[in-house]
Amino acid sequence: MEFITIVIYTSIYIGLVATAFYILTFIADIKREREFFTEDELPKVSVIIPAYNEEKTIQLTIDSILESDYPKDKLDILIVDDGSSDKTYERASEYENKGIRIFKQEVNGGKGKALNKGIKESRGDFIFTMDADTIVDKKSLKTMTRYFKNPEVMSVTPAMVTREAKTIMQRIQSVEYLTGLFLRKTFAALNAIHITPGAFSAYRKSFFEKHGGYDEDNITEDLEVALRIQYHKYTIENAPEAPAYTIPPADFNSLLKQRRRWYVGLIKNTWNYKKLFGKEYGDMGMFVLPIAWIGIFFAVFLTIYYTVEITHNLILEILFYNSINFDVFNQIEFNVYLFERIFFQVFTTPAIWFILIFLIMIFFYLRYATKKIGKTESLYLNVPIFMALFAILFGIWWVVSVFYVVFNREVSWK
Amino acid sequence: MGKIQSKKRYLLAFLIGTLIFINGFVVTNIILSIQFNRLSQFQDQISFTIFEDKLNYRLFDADPCAIDNFNKISKFLNHQGRSIANLEEKFGKDDRGVKFRKIFYSLVELEHFEFINEINEKCGKDFLTILFFYSNHQRDIDKSERAGKLLDYIAQKNENLIIYSFDINLDSNIIENLKKSYGIKESPTIIINKNNKISGNIQLENIEKNLILIK
């Protein structure tokens, strides 16, 4: 058996075991009882919105918070303009008469610094951090805050989904985010959430007071906080009934830049918190984190292998078609035998059956997601695009990120 | 915090994952067996038809020029060859069942080849034949695959051209005799209409030139 075949089937086997484990975990968690704040017990919360040159979107973001059903007397909203050169500050200032406090950083100091400023000025016991182009469902704040009744809970994550899906890249991300809802809930069941989305998450303020604010030099400060929470053995919960909508990058280049920052940040932060791997951190340390990184290793390896293989085969094909003057139509004989051969070729490859199983799983993940957040647009169109392209993109993002880490190349925010 | 929730769950996941994994291979092996049986059935039917036709005109003086099954068989030979190649890839080169069918296929090809030559001679037909000797050993496979694709292309453009493929590494007396008969020493090698030999770097222009000369 060829080495590459062994690699592929090993990764498939690990994927099957992991998927089975996550589904069993999800089922076991259905019966678990959690404590929630009642309506009267709802505490004061602060929503911090750091913004840098977000004049086009910031008002929609503020409006979505104002429309929230969270008791207005317990809601503190702060905007931290991080040295914007456009009219972000002016747009935000229009809301000052609605009780929103606006702070202006004279110099662009980065998201971490802006968030720390917000934490310092906040009045609530719990903090929501929110990007200036995110919007939330009106019940999300209340739904998420309820989870903090458990004193061990230091952070709550929402059902992070995309706001619009117009371009091909956005359609792919739309499905990616939806399928992530199931996994995030399962990770919460294991207390293994290791990423709290920077676009919208909630934290117990006392955590920052005790363990320090955001790392201002970190390109993925949201990720670092999540790992820090886990490191100190607290709990991160997930509220799948609390949708938050982010605008995903629209084109390949901007998406690549985003993922490069995320994954370089993930590599560096995971290295800094490598103690999280191991028995001491239970299911997260023994299974979730190792499996995630094994999956990444396979993605990088297979991407590099197939890039070389496909390029080699493409060159051979071009040389061949050149030798027959690119007379493609005389190359293939279309008859019933051809279709029979294709059928047998495809369905006698075990990998095809496993891909079908994973596709069925994705279907169930999407069912779960749409049940939690309601109907989503264009799913029937977006899913095939996702199936066709996501694995390739995922491999490319990771190969590029590993390259940046290995060669110590600088990664900026934008 | 920091504990494994359930060791039993890991065991169950391992069992479920393993079961699904094994079943994937079981299902594909079942389909492979179906493909193998189907191929064997077709091969038996084709060889039966060839033997019947041959006996009819050899023993019972049937007019070979009136026999038209060879046309259907020509198209099916191609499909057979490719199906065997697929089975060889899945079962492995050393699988006894596949080896047997491959040798059987070579015999069927040669019977057909002989019949075509007779029809050309007795009935004034102008079928062209190419004997294609290939190897699927690692060092030769790329050249042989390229030659095979070239021959497919040429066959598509020439309706009266029939290609017979033989694996030079097949452990069979017939193949050895065939190699000796045509002086086959390397792969890929093609023999056009029993006479013109082209070896090694087989080019389209070379083949087409030979075919034109023969026509």
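Which helix of chain A does A:Met387 lie in? A:Met387 belongs to helix α13, residues 379-406 of chain A; helices here are DSSP runs of H or I with at least four residues, strands are E runs of at least two, and both are numbered from the N terminus. A bit of bookkeeping before going on: residues are numbered from 1 along each chain as its sequence is written, while chains are lettered from A and ligands numbered from 1 in the order in which they are written. This is a predicted model, in which local features need pLDDT of at least 70, side-chain atom pairs count only at pLDDT 80 or more, and totals for chains, interfaces and linings use all residues.

Back to A:Met387. This residue counts as partly exposed because it has 15 C-beta neighbours inside 10 Å; with C-beta atoms placed from the backbone, 20 or more others within 10 Å makes a residue buried, 12 or fewer makes it exposed, and partly exposed is in between. The C-alpha atom of A:Met387 is separated by 44 Å from that of A:Glu209, 178 residues apart along the chain.

Now for the inside. The largest nonpolar core has 84 residues, a nonpolar core being a set of buried Ala, Val, Leu, Ile, Met, Phe, Trp, Tyr and Cys residues joined through C-beta atoms within 7 Å. Among the residues with the most contacts inside this core are A:Val47, A:Ile48 and A:Phe128. Helix α6 of chain A (residues 168-189) gives the most to the core, with 10 residues. Leaving aside neighbours within four places in sequence, A:Phe128 is in contact with A:Val45, A:Val47, A:Ile48, A:Leu141, A:Phe200 and A:Ala202; contact means C-beta atoms, placed from the backbone, that lie within 7 Å.

Chain B is more spread out than a compact globule, because its radius of gyration is 23 Å, well over the 17 Å that the globule rule gives for 215 residues. That radius is taken over C-alpha atoms, and the rule is 2.2 Å times the number of residues to the power 0.38. Along the principal axes, the C-alpha atoms of chain B fill a box of roughly 90 × 40 × 30 Å. Of the 215 residues of chain B, 25% count as buried.

Chain B is divided into domain 1 (9-124) and domain 2 (126-215), with bounds from an automatic or database domain assignment. The C-alpha centres of these two domains lie 20 Å apart, and 12 residues of domain 1 are in contact with 12 residues of domain 2. On the domain 1 side, α2 and α3 (96-123) of chain B each supply at least two residues, and α3(B) gives the most, with 10 residues.

Finally, how many residues does each chain bring to the contact between chains A and B? Chain B brings 33 residues and chain A brings 34. On the chain B side, α1 (7-59), α2 (69-91) and α4 (141-157) each supply at least two residues, and α1(B) gives the most, with 16 residues. As for confidence, the model scores ipTM 0.87 and pTM 0.88.

Definitions and conventions. Contact = placed C-beta atoms within 7 Å.
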